[in-house]
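A plain account in running paragraphs will do.

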Amino acid sequence: MDLSIFLIQCLNSLQYGLLLFLVAMGLTLIFGIMGVINLAHGSFYMIGAYMAYALSPLVANAFGGGFFSVLVIGLVLAVILGYFLEWAFFSFLYDRDHLQQVLMTYGLILVFEELRSLLVGDDVHGVQPPDFLAGVIPLGDVMTYPVYRLFISAVCLLLALGMYYIFTRTRLGMMIRAGSTNREMVQSLGIDIKLLYRIVFAAGVALAAVAGMISAPVSTVYPGMGGQVLIICFVVVVIGGIGSIRGAFLAAMLIGFVDTFGKVLLPEAAGVLVYVLMALILLWKPDGLFKTS
Amino acid sequence: MDKLFSGKFLFIGLVFAGLALYPLFASSYGLDLVAKIMIYAILAMSLELLVGSTGLVCFGQAAFFGIGAYIAVMLSPESESANLLWLLPASIVAAAAYALFVGALSLRTKGVYFIMVTLAFAQMAYYVVHDTKLGGGTDGIYLYFKPILGSVIDLNDAKVLYFFTWVFLVWTFVFLAILLRSHFGRVLAGIRINEQRMRASGFSTYPYKLAAFTTSGGIAGLAGFLFAVKDGFVNPEMMSWHLSGALLIMIILGGLGHLRGAIIGAFAFVFLQEFFKSSEIFGAFSKHWQLGLGFTIIACVALLPKGLVGLPEVLHKRLYGSRPRDAQVVLK
């Protein structure tokens with residue numbers, strides 16, 4: 001493997017890892033803070049990708065197009081969706097058994113898949129990256145790297161830093177962290193925990209949807225794309241330690257590199273590598289890399 | 001309590017009797033469908049032993065099922081029927097052996113971490129048959145001659161296979177019912193409720209959990225054997241996490257903590273699928289069968305916190321008001 005190929009694979013790993021992190025961050029927040037095992041999280045990623053596909057012509061008609069207006073409108077819709085879902089389907093589940101939540105979110109996956117099929121159909125679609133990001137950067141003499149992939153990494157990094165700031169440096173973040181440790185105590189201090197949970201859930205949905213939207217141009221949009229992402233994101237969350245954003249970041253990077261380089265160096269065993277990695281890490285550290293609380 | 005107790009045995013007895021009489025007026029399609037559901041019910045009961053009775057949520061049950069199935073096909077000779085007497089135990093032992101290995105390692109972890117480690121080991125088994133030559137790859141392998149036992153049992157006959165499956169369904173139910181009422185089963189229940197306290201009272205919980213895990217894997221292997229023989233075909237999808245997930249859904253839907261919940265859940269899940277898929281009822285919309293199934297599952301979660309097993313209780317409450325027993329719970 002020469003240097004430029006190695007470099008390209010590194011950039012690919014980075015981009016894949018960051019994207020995984022974006023989806024997994026929402027999952028680990030909902031999981032760690034609200035205690036909800038949300039199987040429908042992959043569906044939010046799928047919904048995001050389909051929004052990127054379906055909204056662009058609509059937005060082009062209404063506002064004359066624009067990649068960023070599609071992103072912003074999709075983001076707003078995702079937040080509204082998350083807010084509504086928490087109110088309608090999750091708010092009465094908190095004191096029930098975890099497995100009831102699993103059943104509920106499994107039902108939601110089926111509903112989302114079929115609604116997607118009814119609204120958009122079952123075809124595979126491609127999404128064009130915007131013109132100003134469609135170019136390539138030369139790497140070495142013959143190799144090039146698409147600008148759009150760098151853009152994905154940048155957006156993911158920005159969002160990750162933003163979330164980290166909110167989580168560790170603001171009052172809202174403090175309340176959320178307190179709520180994850182002791183729900184009743186936070187409530188008795190006069191903080192509306194239900195509203196807090198609704199915000200966390202909406203944020204989680206929005207993160208997954210944004211990840212879906214910005215990855216649509218590189219991954220194409222296809223039925224069942226949520227399921228694949230879901231399992232890998234659970235792997236990320238568990239390796240990192242549930243509820244730990246730092247852990248999720250490290251785990252996402254690890255998975256990104258192992259999966260990308262695995263596909264290049266050991267194509268026969270690429271699928272299984274991620275799971276071997278997870279099993280080894282959890283046997284070594286049964287609570288993930290960064291244990292919280 | 002006694003009334004409820006006898007009621008539930010009456011119910012399960014009627015279910016088994018109904019299943020035994022079903023072939024008298026079944027079409028060959030119906031026979032195959034019900035045989036499939038009975039196999040799923042065996043598999044669901046094996047998972048119930050872990051999830052509902054011991055509190056260990058295993059997300060890799062499909063691997064043991066698949067290993068049982070693959071062993072049955074791979075050990076069968078190419079041009080003649082294998083003898084049931086050694087092939088069936090071979091399937092069960094192979095699945096139980098993998099369960100012993102997986103359990104020994106994964107029981108070091110707890111909760112969601114345990115769920116994911118069992119998934120990881122199941123995925124490893126999946127990729128071994130999916131990506132290597134060992135298990136025929138994505139195409140799977142055919143079983144041309146189904147196993148026989150002399151001239152007594154010939155599983156090539158669909159009806160014989162149906163009753164063979166039925167016997168094992170009843171056997172699994174009775175075996176697990178007795179097991180859960182034994183000393184061993186009580187310890188498992190104690191582990192589910194409070195493992196810390198069990199250890200404090202002098203039980204080394206690890207061997208108990210490992211024994212439960214291995215037993216469960218063995219029963220799943222039995223279900224896999226039956227499935228491979230029924231279809232005459234195995235493919236890697238039998239080990240995919242979709243099946244492990246569907247099994248969890250079945251037992252939660254049926255009602256955790258009850259063996260009959262696993263059977264009810266398996267039947268309800270497959271029947272709901274068939275119902276929403278049937279084009280006679282829904283016409284062209286049957287293509288979108290998942291929508292109806294999804295909403296039904298959501299409604300079940302919202303209305304039946306204890307699963308389908310709790311349905312009589314909920315109905316009773318609706319019709320006659322709450323019982324004194326429930327009133328006490330509210331007061332507390």
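In this predicted model, the contact between the chains draws on 33 residues of chain A and 29 residues of chain B. On the chain A side, α4 (98–120), α9 (225–240) and α11 (270–284) each contribute at least two residues. The largest share comes from α4(A), with 14 residues. Sorted by class, the residues of chain A that touch chain B are 23 nonpolar, five polar and five charged.

One helix pair across this contact can be followed in detail. Two packed helices are described by the angle between their axes and the distance between the axes. For α9(A) and helix α5 (residues 111–131) of chain B, the angle is about 130° and the axes lie 10 Å apart. Because angles over 145 degrees count as roughly antiparallel and those from 65 to 115 as roughly perpendicular, α9(A) is oblique to α5(B). The crossing of α9(A) past α5(B) is left-handed. From α9(A), the residues making the contact are A:Phe234, A:Val235 and A:Val238, and they meet B:Val112, B:Tyr113 and B:Met116 of α5(B). This contact of α9(A) with α5(B) has six nonpolar residues, with no polar and no charged ones.

Chain B itself has 14 helices and four strands. Its radius of gyration is 20 Å, close to the 20 Å that the globule rule gives for 332 residues, so chain B is as compact as a globular protein of that length. The C-alpha trace of chain B spans about 70 × 55 × 40 Å along its principal axes. Of the 332 residues in chain B, 46% are buried. Among contacts in chain B between residues at least 6 apart in sequence, 76% link residues at least 24 apart.

How values were computed. Residues are numbered from 1 along each chain as its sequence is written. Chains are lettered from A and ligands numbered from 1 in the order in which they are written. This is a predicted model: local features need pLDDT of at least 70, side-chain atom pairs count only at pLDDT 80 or more; totals for chains, interfaces and linings use all residues. Two residues are in contact if their C-beta atoms, placed from the backbone, lie within 7 Å. Ala, Val, Leu, Ile, Met, Phe, Trp, Tyr, Cys and Pro count as nonpolar, Asp, Glu, Lys and Arg as charged, and the others, Gly among them, as polar. The radius of gyration is taken over C-alpha atoms; the globule rule is 2.2 Å times the number of residues to the power 0.38. A residue is buried if 20 or more other C-beta atoms lie within 10 Å of its own, exposed if 12 or fewer, and partly exposed in between; C-beta atoms are placed from the backbone. Axes are lines fitted to C-alpha atoms, for helices over the stretch in contact, and angles run from 0 to 180 degrees between N-to-C directions. Angles under 35 degrees count as roughly parallel, over 145 as roughly antiparallel, 65 to 115 as roughly perpendicular and the rest as oblique. A crossing is left-handed if the near helix is turned anticlockwise from the far one by less than a right angle, and right-handed if clockwise.
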